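Please consider the sequence and the structure together. The paragraphs that follow treat a sheet, a pair of helices and a single residue.

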Amino acid sequence: MKKFGFIIHPLDVSDIARKFPVSRFFSDRLLEKVLKVVPAFKASHITGIESVKGVKAEGYFVCCPLTARQMIELPTEEVIEKIIDAGRKAEELGAEIVGLGAFTSVVGDKGLTVAQNLNIPVTTGNSYTVATALEGIRLASDIMGIDMGKSNILIVGATGSIGKACSKILARDNKYLMLVARREERLKELADELRTGYNVQVETGIDLNKLLPEADIVVTVSSSVDSLIDVSLLKSGAIVCDIARPRDVAEEIALKRDDILVIDGGIVEVPGEVEFNLNFGFPKGTSYACMAETMILSLEGRYENYSLGAELDLEKIIEISNLADKHGFRLSSLRSLEREVTLQQVSKVRRIVSST
């Protein structure tokens, strides 16, 4: 039986209340103080994963008890030590590889230091996240009748590892890219690289709200703890693929626009009768692609560091997608705010757009 671990953490203190109801009686500030001294712990035992090739795997969710905001605001060395502690807990449980979830994959050097301090390999899962997000965008564009090659495609968080990989892959087949990130110098470097390596027009900016109204397709993968996308600025008929967790598109805001399509990025069906024994809001048998990458590598027996650092290997994105197909992982039906996107919903959006 193949074994893996996957490190999770509470996005905010409300996640703690779902797991430990008694915490509702304490203030957010007090809970965060407590989290700083709580050691990593096993959150659940994952069972029932079975490849179409007959290989089986089991794993463990290991909790690194820090919220997203703490991971951003606390000293980087302190946060990385907590992540390493969670990785060592996965080792104790018998994991042969461990994946980094949510903000544990973006702190510091994006998994490199964590890998150096563990006896088992590490992945962020970012390669399969890129592959599935782009697959979802292509599918959404097809059903919305949008020609990606002639569309303005905006990548938010373009200089991060996922954003940069998405930008490079999208530059291969599309003509117009707009890139947004916090640092102008890194944006310029990426834009120059894309213009030189691909026949693509690139516009850059640090003012997201200025570029949003121009976008036909938005790929958003920031590492912000707050929602970034002001949907009131989006043009009618736009598609937004929200890969970020916490979300860059707040649910209550997204529901105010019925003439755009917001899809969740990187959600897949896991082969077998998987039981996660932890409710993270998805339908039975589905997971984030970053989780799935760890499972895929475990099933394949590829116990090696994967998807680490600021630069993703584009060949590994292709490779992990092929391995996913081999073992029976599939992109889940398009989902919006964790609910299935129906043909009626798409038809409604297209009808509203055509009438304006």
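In what order do the six strands of the open sheet lie? The order is 8-7-6-9-10-11, with parallel pairing; two strands pair if DSSP finds at least two bridges between them. Strand 8 (201-205) and strand 11 (261-264) each have a single partner strand and stand at the edges, so one side of each has no neighbour in the sheet. On average, neighbouring strands are turned by 20 degrees against each other, direction ignored. Strand 10 (residues 239-242) runs parallel to strand 11, and four bridges join them. Within this pairing, isoleucine 239 is opposite leucine 261 of strand 11.

The model is predicted: local features need pLDDT of at least 70, side-chain atom pairs count only at pLDDT 80 or more, and totals for chains, interfaces and linings use all residues. Residues are numbered from 1 along each chain as its sequence is written, and side-chain values use heavy atoms, with hydrogens and water left out.

Helix 7 (residues 161-173) and helix 8 (residues 184-197) have axes that come within 10 Å and cross at roughly 20 degrees; axes are lines fitted to C-alpha atoms, for helices over the stretch in contact, and angles run from 0 to 180 degrees between N-to-C directions. The two helices are therefore roughly parallel (angles under 35 degrees). Lys164, Ser167, Lys168 and Ala171 of helix 7 meet Leu190, Glu193 and Leu194 of helix 8, contact meaning heavy atoms within 4.5 Å.

Serine 354 belongs to helix 13 (residues 343-355). Its relative accessibility is 61%, so serine 354 counts as exposed (over 50% relative accessible area, 1.4 Å probe, protein chains only).

Key. Buried means under 20% relative accessible area, exposed over 50%, partly exposed in between (1.4 Å probe, protein chains only). Angles under 35 degrees count as roughly parallel, over 145 as roughly antiparallel, 65 to 115 as roughly perpendicular and the rest as oblique.
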